[in-house]
Amino acid sequence: MFGGFPFHEFMSGHQTHGGSDSPNEVENDRFYELLGVDKTISCAEIKKKYRVLAKTKHPDKGGDPKLFAELTHAAEILSDPDKRKVYDKYGENGINQGRSAHDHEPQDLFDLLSGRAQRGRPQGERKSPDTTHKLSVTLSELYHGVTKNLSINRNRVCIECKGQGGSKVNICSECKGRGNVTKLIQLGPGMYTQSSGPCDECRGMGKSIDPRYKCKKCKGARVFTEKKIIEVLVDKGCPNHHKYVFYGESDEEPEMRPGDFIVIIIEEEHPVFKRKNADLAMEYTISLKEALTGYKIKIDHLDGVKIVEGAIGDIVKPGDIRTIEELGMPLMKTPYKFGNLFIHLDVEFPLPQSLPASTVEGLITALPGDESMAPSDGALKTIPYDKAHITENSTAIHSDYKEDDEEDPRLAGGARRVQCSGTIF
Ligand SMILES: [Zn+2]
Ligand SMILES: [Zn+2]
């Protein structure tokens, strides 16, 4: 248990990458030059080129982080048809101004590598509901990054009838094309109430399909179910509850912009490590000897076995925390940087009566302190505490209260026991 480990005190703020590029005079060659591509290249080819460049220019591969951030930005703009148009026309100035106007910020630096880049989408249309999916991922997978394939069933607008449901579509006779009907609902004998709701006949569409001309593919449903594999590229250092948005991958409905398919990352509990942002924490118990003379800890780390040592001269008290820099999680936006690892140390003391007299004598001379405090015969001696040592108050009338106590669920069982062992009274 991490009881009371003040994790928050040791946590620094989450770092974000500062990829702000200063507006230049209007010129629109630099991004193409950075990526080493011709201006006629297709948006899809830009992504491919970026993947190739990432293999050598990524900071993990020894590339310059600043240059790589620029490459990523250039690829992000040029692989998006809408943003590319703005760049070609107005250069970086246009991008910097336009970006805040209607585009959202990329989810992270690696959206492009995973094909998650924002698609241009029309504004102001009605949108079908978003779909969310929780994806459980281990801490190790979050450390290394992982690709997960999700098989989803989603509705697509029927291509055969273009979402009409058939080749002959009439105005619904039930609702006269309004899509809504007013119904009288009987509440009881002689009691009615009016309610307005979607027409059952046309399912609120206002149109009905002549059964003889019903679409063969969708059987008049206007949509059909399609199986699709969604590839989720979970980034190194991806935080718990991070959302990966797949634009337009939710169910399609006729005359509506499709909603988004949203994958929410759920971090599984790890047997050793607790995680907070990019930092990790673990508990470890060392012996009293190690606490005084030095300790070595073998950590079964997410990145393989690590041996860490206490600093020379370090003395550990039970509950002390030691930090090992950069042994935490990678930072999602800059995965070549790492958070820290905190080790919450407990010290196991020798059992009572387990030290031979010679050892005790050795300790008396070895350890600092007043030697006159050494045990002597005839003095009052302490004994290990037991609950039975508590003296009952003989003057209080407590038999009635005792019964009440036992009936009160707030005082029953565990809570009371914890109170006794923790604070004595
Ligand atoms: Zn109708
Ligand atoms: Zn159809």
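Two strands are taken to pair if DSSP finds at least two bridges between them. On that basis, this predicted model contains an open sheet of 3 strands, arranged in the order E1-E9-E8 with mixed pairing. Its edge strands, which each pair on one side only, are strand E1 (131-137) and strand E8 (243-246). On average, neighbouring strands of this sheet are turned by 25 degrees against each other, direction ignored.

Strand pairing in general takes place through backbone hydrogen bonds, in either a parallel or an antiparallel sense. The table lists pairings found in this model.

| Strands | Sense | Bridges |
|---|---|---|
| E1 and E9 (residues 261-267) | parallel | 7 bridges |
| E11 (residues 279-287) and E15 (residues 341-348) | parallel | 8 bridges |
| E14 (residues 321-324) and E15 | antiparallel | 4 bridges |

Individual residues illustrate these pairings. Ser-136 has Ile-266 in E9 as its bridge partner. Strand E15 provides Val-347 as the bridge partner of Ile-286, and Leu-341 in E15 stands opposite Ile-324.

Most residues other than glycine have a negative phi. Arg-222, although not a glycine, has a positive phi of about 70 degrees. Arg-222 lies in the loop between strand E6 (207-209) and strand E7 (223-234). Because 25 other C-beta atoms lie within 10 Å, Arg-222 is buried, the cut-off being 20 or more.

Asn-277 is likewise a residue other than glycine with a positive phi, near 50 degrees. Asn-277 is found in the loop between strand E10 (274-276) and E11. With 18 other C-beta atoms within 10 Å, Asn-277 is partly exposed.

Key. Residues are numbered from 1 along each chain as its sequence is written. Chains are lettered from A and ligands numbered from 1 in the order in which they are written. This is a predicted model: local features need pLDDT of at least 70, side-chain atom pairs count only at pLDDT 80 or more; totals for chains, interfaces and linings use all residues. Helices (H or I, at least four residues) and strands (E, at least two) are DSSP runs, numbered from the N terminus. Axes are lines fitted to C-alpha atoms, for helices over the stretch in contact, and angles run from 0 to 180 degrees between N-to-C directions. A residue is buried if 20 or more other C-beta atoms lie within 10 Å of its own, exposed if 12 or fewer, and partly exposed in between; C-beta atoms are placed from the backbone.
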